Amino acid sequence: MALLDIRDLKLALGDKPILKGLTLSLEAGQVLGIVGESGSGKSMTALSILGLPPRGATLGGTIGFEGQDLVGLPDAAIARLRGDRIGMVFQEPMTALNPVMTIGAQVAEVVRLHRKASRAEARAAARQALDRVGLEDIPLTRYPHELSGGQRQRVAIAIAVVLSPRLLIADEPTTALDVTTQAQILNLLLRLVREDGAALILISHDLALVAQAADRVAVMKDGEIVEQGETGVLFKTLAHPYTRALAADAERMPVRTRKPDVEAVPVLEARDVVRDYPGARGFLRAGPPVRVLPGVSLAIRPGEIVGLVGESGSGKSTLLRALLALDPVQGGEVRLAGAPFTPTSPRRDRRAIQLVFQDPQGSLNPRWTVERLVAEPLHLLDEKLSAAERRAQVEAVLAKVGLPPEVADRYPHQFSGGQRQRIAIARALIVEPEVIALDEAVSALDVTVRAEVLDLLAKLSDDLGVAYLFVTHDMGVVRGLTDRVLVMRKGQIVESGPTAEVFANPQHPYTAQLIAATPDLARALAARG
């Protein structure tokens with residue numbers, strides 16, 4: 001008997017069908033990968049298994065788990081399974097973890113809820129679980145905000161596996177992590193599943209990641225499984241047109257037609273930038289400052305696309321804040337469009353550099369219309385525009401990012417993730433900047449939308465001559481889009497050069513490590529033989 005046996009699973013919100021008759025099974029010890037675009041029903045399938053469908057949803061079909069049908073099971077009965085027999089690892093650990101509870105208390109809470117354990121026994125179980133996920137040196141008294149992204153995800157995994165569940169569901173567990181940490185987390189999940197003889201459902205939009213880890217793959221589109229089978233066979237045959245389209249989008253690289261002028265004066269330059277953080281506060285006085293950037297230099301020229309890569313904690317975000325003049329520097333200088341750029345520079349100087357964030361939903365005010373959102377940077381201009389002029393500029397820049405003028409009157413929640421990111425790009429473009437910094441701007445997008453946004457960015461660079469600083473942990477994006485790459489480690493740029501040369505022949509061991517840790521679909525399939 002299969003550990004998980006789903007038959008004709010249907011879920012509807014009112015008259016709208018969300019899941020349309022899913023059928024799949026999973027044996028103990030197996031890893032099932034579920035792939036598909038955003039909105040295809042992947043996460044809704046996981047929530048249905050957990051007995052957490054949206055309020056007002058109707059569920060039909062059967063979800064057989066250990067011989068018991070979970071559909072229609074009373075809330076109290078299914079609550080006893082969650083955390084005990086079925087564990088869940090969510091995409092964003094900072095959201096999944098309680099910020100006002102210590103990590104030890106959060107892991108121990110699961111033990112006390114499902115076992116008749118004393119505080120001491122629950123605490124001991126928490127310590128053992130955290131040790132098991134590689135956090136041996138982290139005290140139980142730490143809070144989530146005191147940990148790195150990879151450490152927080154390990155805490156979330158410890159919560160999910162502390163009671164050795166029979167089924168573990170991981171919903172995009174590595175999306176927000178750098179490639180090295182991503183590989184560590186994936187290997188950790190696979191090791192825990194093997195050790196416990198459990199089954200794993202790995203939900204991801206990263207085809208290479210799934211090809212590397214899963215025994216079987218189910219491909220979802222519009223609430224249906226359009227294809228499923230053994231991983232190597234499915235990816236080699238690509239029988240369904242949608243699966244072929246996903247694989248093509250995963251491998252697609254933007255086409256650049258314009259080459260930057262390498263002799264031109266840089267539009268953005270850092271000269272021996274030094275950045276210190278205040279030292280830890282002790283009794284009566286603070287400790288010595290901590291130097292996080294010991295003297296970093298870089299230059300970006302008109303129309304050039306430069307990638308900045310490195311693990312979490314390498315200094316990328318600190319350097320970006322210094323380049324944006326959001327933080328003061330303790331040495332060296334930042335120059336923008338040929339002039340010094342500091343936190344006290346005139347407001348109009350900020351027109352030359354704009355920023356696109358990782359999460360468009362979080363960076364767009366949900367109460368503002370698209371017109372107001374896109375027009376927001378216009379206050380950086382010296383001249384004041386009339387309402388008609390502002391509307392005309394908004395519509396013109398929306399056209400540049402492939403959106404019709406009527407969307408100006410809508411709100412962010414009325415758009416898909418890819419459309420919201422187009423709106424964020426339009427907001428950055430409206431003041432005609434010299435350079436745009438993109439902070440993990442495509443990491444949260446599925447492969448199809450990511451390919452569309454990267455094509456758009458390449459076209460805008462060709463058409464407008466705008467330069468990009470692409471801060472990312474996605475080595476595949478860097479390889480396909482950028483002209484040059486800067487590799488950062490422990491606050492220093494340890495390697496730089498033309499992207500193709502760096503990837504073909506990395507000179508620094510750290511660069512080689514990052515490239516080797518990057519999931520690759522062809523390499524994953526070749527390893528399967």
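**A tour of helix 10, helix 20 and the spaces around them**

Start by selecting helix 10 (241-251): its buried residues are Tyr 242, Thr 243, Leu 246, Ala 247, Asp 249 and Ala 250. Buried means under 20% relative accessible area, exposed over 50%, partly exposed in between (1.4 Å probe, protein chains only). Look down the axis of helix 10: these buried residues fall within an arc of 160 degrees, so they line one face of the helix. The arc is taken from the directions from the helix axis to the C-beta atoms.

The model is predicted: local features need pLDDT of at least 70, side-chain atom pairs count only at pLDDT 80 or more, and totals for chains, interfaces and linings use all residues. Residues are numbered from 1 along each chain as its sequence is written, and side-chain values use heavy atoms, without hydrogens and water.

Now show the neighbours. The buried residues of helix 10 pack against helix 8, strand 9 (216-221), strand 10 (224-230), helix 9 and helix 16. Contact here means heavy atoms within 4.5 Å. Helices (H or I, at least four residues) and strands (E, at least two) are DSSP runs, numbered from the N terminus.

**Next stop: helix 20**

Select residues 521-528. Leu 521, Ala 524 and Leu 525 are the buried residues of helix 20. Seen down the axis, they fall within an arc of 95 degrees, so they line one face of the helix. Turn to the other side of helix 20: Ala 522, Ala 526 and Ala 527 are exposed. Helix 8 (207-213), helix 9 (231-237) and helix 10 are among what covers the buried residues of helix 20.

Zoom in on Asp 520. Asp 520 caps the N-terminal end of helix 20, with a side-chain oxygen 3.3 Å from the backbone nitrogen of Ala 522.

**The second largest pocket**

Select Arg 450, Asp 474, Gly 476, Thr 518 and Pro 519. Of the 39 residues lining the second largest pocket, these lie nearest its centre. Elements giving two or more residues to the lining include helix 10, helix 16 (447-464) and helix 20. Helix 17 gives the most, with 5 residues.

A pocket is an open set of points on a 1 Å grid over the protein atoms alone, with protein on both sides within 12 Å along at least five of seven lines; a cavity is a set where a 1.4 Å probe fits but cannot get out; lining residues have an atom within 4 Å of a point.

**Last stop: the largest cavity**

Select Val 161, Pro 165, Leu 168, Leu 192, Val 193, Asp 196 and Ala 198, which line the largest cavity. Helix 7 gives the most to this lining, with 3 residues.

Key:
A polar contact is a pair of N or O atoms within 3.5 Å; within protein, one must be able to donate a hydrogen and the other to accept it, and residues adjacent in sequence count only if both atoms are side-chain atoms.
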